[in-house]
Structures are given as C-alpha cells and as structure tokens.
Amino acid sequence: MTLKKLVILGTGGTIAGTADHSSNNIGYTAAQVGIDQLLASIPTLAENGGFVCEQVCQIDSKDMDFEVWVKLANRVSHFLADEDVQGIVITHGTDTLEETAYFLQLACQPAKPVVLTCAMRPATALAPDGLQNVLDAAAVARCSGASGVVVVCAGTVHSALDVQKVHTYKLDAFSSGDAGALGYVEEGRLRLLRNWPSPQSARGFIAMKNKAVWPRVEIIMNYAGANARTVQALVQQGVRGVVVAATGNGTLHHALLAGLLDAQAAGVKVVRSTRCLDGKILPLAGDAIPDSKGLSPVKARIALMLDLMSENEQSWMVEKA
C-alpha cells in the first residue's frame, strides 16, 4: 500500500531562529533557517512516509498579519484537497501560534489533521527543542482518524480551540486550561485523550479571498480605574468591533461598561471575554453585552472579525440581488 504524503509548511519563528552562541536561548533572531534546511536536520522524518515542504513565509510570529493568514489558509486548503495528502504540519513562532491555529480552524475547517508546531529555543541552541517537536507533529499528522487544527509542543497535543501560550520561556509553554490536553505524543505514538476539534460554523471562508477587507476589531482590558475614553476614541476612529478582556466572570468597571454600551448602541459589535486563564464566563439573565462563549480575548477577536466579514458578504449579496 502506498503511504500518503505529509505536507510541511514553514512560516519562520523561533524554530527557524539563530543566535550568535549555542548557549543563547533568548537573544536570537527568528526566521533565519529555511524549512528545507530545518527538515534536513531530521533524517528520521521520512521513515514513516514521504513528505513535501514549502516555505509560505519567513517571519517572526509577533509580526503575523492578515496577508500571511490568507496566504497560509489558501495553501492549507489547496493541500487538504489533494487526495494524496494525509495531513499538514506547519512550523510557526510561539507568540501568535494560538491565533493562527484558531483562525485556520475557522477558515479551513479541515477534515484532515493540520498540526502547528514550534520551538522555544532557536535552531542553534545547544539543546534545541524544535526538531523533536516537528517529529511529534508529524506523528500526529499521520494518525489515522485525525482531523482539525491542533498544536504540538513539548510532547503535548492541544486543540486550536483551547490552546494558549502561558509561559515566557519554558519549553512546555502552552496550556489548554481546564479543558485539558487533547493528547500526548509518547515515543512517536499518540495517546489521544479527547475528541479532535470539530468544525465550528461556516464563517471564515470569506477570509481566504485575497481581496478581503478585514474589519477593525480591537481588544481592551478591564482593570481598577478603567474608563470609557479608549472606547470613545476607537468609536471615533470607526472601529467595527471591540472585545473586552473583563475581570472575573465578565465583570466591568461601571465607567467602562457605560462606554461599551454607548458603542454598542452606535452599531459597534462588543463581546466580553475574561482576563482569567481558566474557566469561561457564565452568562446571567439580562446581560447587556454578549460573552465570548469561552474564547480567550485574542480568539474572540478573530471570531468577531470573521463574523463581521460574513455579514458584509451577505449584505453585498443582498444588494447585488
């Protein structure tokens, strides 16, 4: 039986970073090593089946933007449609990895596995972690029955719906909060703990159009002494949506709440998330501002942008009709 191939897409990040000295784990320059050169350092990668690689971009993930997201989503969709492709691995920086993973889950809704992986140390480190992460990601992407977008780091598999970066420098820098890990990679074998991410909705397809206009959605935070001035300034600038990282179970300073309600009345979409790493907002009867249904602030922003894009497309279709 001919084994299906794996596709590995490079986007840069720490995993492709270099430093002046092998002992330097944080003072490096990201996105210096090409994906082909990186994979050449892993001779065992092809033992379980063939693969092809492609450099989609070469950036530090702190600089991730909509243009790269569209390009990446289009390449992912292209390869997912290939019957000879079993799964996709994407090497990515850690800073915005959770955002890219969630975007790809919404935009592509893959029935095959799309596995993002990364590194907390550059490729030139004395003990780099990226190569093992790639091997683990490949093992997950080759699993029978795997589907959806997941993240693999330090032997742990996270769903794109739950994953967050929670540490600044530890090798195991990601967590799925109280949802728990999706599984673990143990000596090249996946131990699955819960179901693969499932499609969320039809939203997102518009984002893959190269000329899509991304609505401006900003994130603000509730804190002691918060006020409405930032919200008012954003409304004056024409913001389309605001996600507020509220305290606790979605609570907001009264002054900030008043500004958000005014913005909502003016047609701005407002969503409440929470600053808390674990848990989700439990809605109460009479809530004036909808909650994010468990999404972190950055993921709630992505969902809101795609929803607004879908609304724009539907309005345009009605006008054309």
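**Entry 1: Glu186 and Arg191**

I began with the pair Glu186 and Arg191, which form a salt bridge whose closest N and O atoms are 2.8 Å apart. I note that the model is a predicted one. I then looked up the accessibility of both partners. Glu186 has a relative accessible area of 37% and is partly exposed. For Arg191 the value is 39%, which also places it in the partly exposed class.

**Entry 2: Other salt bridges**

I recorded nine salt bridges in the structure. I took up two others by name.

Asp95 pairs with Lys165, and their closest N and O atoms lie 3.2 Å apart. I asked which parts of the chain this pair ties together. Asp95 sits in the loop between strand E3 (85–91) and helix H3 (97–108), while Lys165 belongs to strand E7 (residues 164–165), so the bridge links parts that are 70 residues apart in sequence. I found Asp95 to be partly exposed, at 41% relative accessibility. Lys165, at 23%, counts as partly exposed; the cut-off for buried is under 20%.

Asp63 forms a salt bridge with Lys62, with 3.1 Å between the closest N and O atoms. Are these two residues buried, partly exposed or exposed? I read a relative accessible area of 44% for Asp63, which is partly exposed. Lys62 has 52% relative accessibility and counts as exposed, because the exposed class begins over 50%.

**Entry 3: The largest pocket**

The largest pocket holds about 810 Å³ of space. It is lined by 42 residues, and those closest to its centre are Ser292, Lys293, Gly294, Leu295 and Ser296. I checked which elements supply the lining: strand E13 (269–274) and helix H7 (297–320) each give at least two residues. Helix H7 contributes the most, with six residues. By residue class, I noted 18 nonpolar, 13 polar and 11 charged residues in this lining.

**Entry 4: The second largest pocket**

For the second largest pocket I recorded about 310 Å³ of space. Which residues lie nearest its centre? I found Thr44, Asn48, Leu135, Ala139 and Gly188 there, among 13 lining residues. The lining of this second pocket divides into five nonpolar, four polar and four charged residues.

Notes. Residues are numbered from 1 along each chain as its sequence is written. This is a predicted model: local features need pLDDT of at least 70, side-chain atom pairs count only at pLDDT 80 or more; totals for chains, interfaces and linings use all residues. Side-chain values use heavy atoms; hydrogens and water are left out. On a 1 Å grid over the protein atoms alone, a cavity is a set of points where a 1.4 Å probe fits but cannot get out, and a pocket is an open set with protein on both sides within 12 Å along at least five of seven lines; lining residues have an atom within 4 Å of a point. Grid points are joined across faces, edges and corners, and a volume is the space filled by probe spheres set on the points. Helices (H or I, at least four residues) and strands (E, at least two) are DSSP runs, numbered from the N terminus. Ala, Val, Leu, Ile, Met, Phe, Trp, Tyr, Cys and Pro count as nonpolar, Asp, Glu, Lys and Arg as charged, and the others, Gly among them, as polar. A salt bridge is a side-chain nitrogen of Lys or Arg within 4 Å of a carboxyl oxygen of Asp or Glu. Buried means under 20% relative accessible area, exposed over 50%, partly exposed in between (1.4 Å probe, protein chains only).
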